[in-house]
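Subject: Structure for your review

Dear colleague,

Please find below the structure that I am handing over to you. I would be grateful if you would read the notes that follow with the model open beside them.

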Amino acid sequence: MHGAVILAIALWPFLLYTGLVVVLLSAILTLSYLLGQHHKERATDKPYEGGIEQTGSARLRFSAQFYLVAMLFVIFDVEAVFIMLWALGFYELGWAGYLGVAIFIGQLVVVLIYEWGIGALDIGPNATKILQAYKKLQRRH
């Protein structure tokens, strides 16, 4: 019984916060719907309401390697944030912090070399293969 009382005491701020968020969100959405503009014009259903005429399909196909490079960019961008935060606390962290960030950067370098080695960073055409195919064509003619 005593544990349930402690659990109830610890949960009431979270439940209050959740209730306030739901009430505030409902109020904002309701007011936005009631006070917002309701119009239906010729350009409303177009992708760009600014008067720009669309050309072609919006469904462009991207190479999977594009997404791989995008994910790598996000990963390394987040790692840069960690290193900047380490730099802010440089004097407080001392040699232990320096050793930790050196290992961290070493791991990033190893991952980057691995990704480069498996060809994950090659998003453009392979110039070597194109040159080899061109030489084969030249030999045939």
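The notes below go from the chain as a whole to single residues.

Please keep in mind that this is a predicted model.

The chain as a whole

The chain holds 4 helices and 0 strands. Read from the N terminus on, its elements follow the order α-α-α-α. Of the 141 residues in the chain, 7% are buried. The chain exposes about 13100 Å², and carbon and sulfur atoms supply 70% of that area. As for contacts in the chain between residues at least 6 apart in sequence, 52% of them join residues at least 24 apart.

F82 counts as partly exposed because its relative accessibility is 46%, a value that lies between the limits of 20% for buried and 50% for exposed.

The aromatic residues

The count of aromatic pairs comes to 5. In one of these, the ring centres of W86 and F90 are 5.5 Å apart and the planes stand at 85 degrees, so the pair is edge-to-face. W86 is buried, with a relative accessible area of 19%, whereas F90 is partly exposed at 34%. W95 and Y98 also form an edge-to-face pair, with 5.7 Å from centre to centre and 85 degrees between the planes. Both W95 and Y98 lie in helix α3, 3 residues apart, which is about one turn of the helix. W95 counts as exposed because its relative accessibility is 71%, while Y98, at 42%, counts as partly exposed. One aromatic cluster is formed by W86, F90, Y91, W95 and Y98.

A buried glutamate

Finally, I would draw your attention to E115. This residue is found in helix α3, which covers residues 90-117. Is E115 buried or exposed? E115 counts as buried, because its relative accessibility is 14% and buried means under 20%. Leaving aside residues up to four places away in sequence, E115 touches L72, A120 and L121.

Yours sincerely,
A colleague

Technical notes: Residues numbered from 1 in each chain as written. Predicted model: local features only at pLDDT ≥ 70, side-chain atom pairs only at ≥ 80, totals over all residues. Heavy atoms only, no water. Buried < 20%, exposed > 50% of the residue type's maximum accessible area, 1.4 Å probe, protein only. Helix = DSSP H or I, 4+ residues; strand = E, 2+ residues; numbered from the N terminus. Contact = heavy atoms within 4.5 Å. Phe/Tyr/Trp six-rings, centres within 6.5 Å; stacked < 30°, edge-to-face > 60°. Areas by Shrake-Rupley, 256 points an atom, 1.4 Å probe, with all protein chains shown as cover.
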